[in-house]
Amino acid sequence: MLKGAPNRKLAWEFIQFASGPKPQAEFNTRLYYGPTNPAAYALIPKDIAVQLPTYSANEAVSVKEDDTWEVDRITKLEERFHAVAGIIK
């Protein structure tokens, strides 16, 4: 939140609301993104929950970011991407 922003208090209230388990469960029952609040899983039907990316069984086999690996290779990766995509720098 920006210092001195108008409606700062309302923005914080919205963030608190939106990150709560019930609103996240409602959202993730309609759009299968996966809640950031683990407590939302108690409110999501099991048949939907097992399809979400943050469901524990799915998260256990997902690809994890490795910033240490990437930082040593980012320049080469970007060059390769640009070459394949036909992007001229």
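## Exercises on a predicted model

In this structure Glu 13 and Lys 9 are joined by a salt bridge, with their closest N and O atoms 2.5 Å apart. The model is a predicted one.

**Exercise 1. Determine how many salt bridges the whole structure holds, and describe where the partners lie.**

Solution.

Step 1. A search of the whole structure gives two salt bridges. The pair Glu 13 and Lys 9 qualifies, because the cut-off between nitrogen and carboxyl oxygen is 4 Å and the closest N and O atoms of this pair are 2.5 Å apart.

Step 2. Glu 13 and Lys 9 are four residues apart in helix H1, so about one helical turn separates them. Glu 13 is partly exposed at 36% relative accessibility, while Lys 9 is exposed at 61%.

Step 3. Arg 30 and Glu 26 also form a salt bridge through their side chains, at 2.8 Å from N to O. Both residues belong to helix H2, where they are four residues apart, about one turn of the helix. Arg 30 is exposed with a relative accessibility of 60%, and Glu 26 is partly exposed with 41%.

**Exercise 2. Decide whether Gln 24 is buried or exposed, and list its contacts beyond its neighbours in sequence.**

Solution.

Step 1. Gln 24 is part of helix H2, which covers residues 21-30.

Step 2. The relative accessible area of Gln 24 is 10%. Buried means under 20%, so Gln 24 is classed as buried.

Step 3. When neighbours within four places in sequence are set aside, Gln 24 touches Ala 18, Ser 19, Pro 35, Thr 36, Asn 37 and Ala 40.

**Exercise 3. Identify the residues of the negative surface patch and the helices that supply them.**

Solution.

Step 1. The patch consists of Glu 65, Asp 66, Asp 67, Glu 70, Glu 78 and Glu 79.

Step 2. Helix H5 (67-71) and helix H6 each contribute at least two residues to the negative patch.

Step 3. Glu 70, one of the patch residues, sits in helix H5. With 33% relative accessibility, Glu 70 is partly exposed.

Step 4. Helix H6 spans residues 74-85 and also contains Arg 80. Arg 80 is exposed, its relative accessible area being 61%.

**Exercise 4. Name the residues of the nonpolar surface patch and classify the exposure of Phe 17.**

Solution.

Step 1. Met 1, Trp 12, Phe 14, Ile 15 and Phe 17 make up a nonpolar surface patch of about 540 Å².

Step 2. Phe 17 is located in helix H1, residues 8-18. The relative accessibility of Phe 17 is 53%; since exposed means over 50%, Phe 17 counts as exposed.

Step 3. Asn 7 is placed in the segment before H1. Its phi is near 60°, a positive value in a residue other than glycine. Asn 7 is exposed, with a relative accessible area of 55%.

**Exercise 5. For Asp 47 and Lys 3, and then for Arg 80 and Ser 62, state the separation in sequence and in space.**

Solution.

Step 1. Asp 47 is found in helix H3, residues 46-49, and is exposed with a relative accessible area of 53%.

Step 2. Between Asp 47 and Lys 3 the separation is 44 residues in sequence and 43 Å in space, taken from C-alpha to C-alpha.

Step 3. For Arg 80 and Ser 62, the separation is 18 residues in sequence and 24 Å from C-alpha to C-alpha.

How values were computed. Residues are numbered from 1 along each chain as its sequence is written. This is a predicted model: local features need pLDDT of at least 70, side-chain atom pairs count only at pLDDT 80 or more; totals for chains, interfaces and linings use all residues. Side-chain values use heavy atoms; hydrogens and water are left out. Buried means under 20% relative accessible area, exposed over 50%, partly exposed in between (1.4 Å probe, protein chains only). Patches are made of residues with over 30% relative accessible area and no salt bridge: like charges are joined within 9 Å, nonpolar side chains (Val, Leu, Ile, Met, Phe, Trp, Tyr) within 5 Å. Accessible areas come from the Shrake-Rupley method with a 1.4 Å probe; for residues, only the protein chains shown count as cover. Lys and Arg count as positive and Asp and Glu as negative; His and the chain ends are not counted. The place of a charge is taken as NZ of Lys, CZ of Arg, CG of Asp or CD of Glu. Contact means heavy atoms within 4.5 Å.
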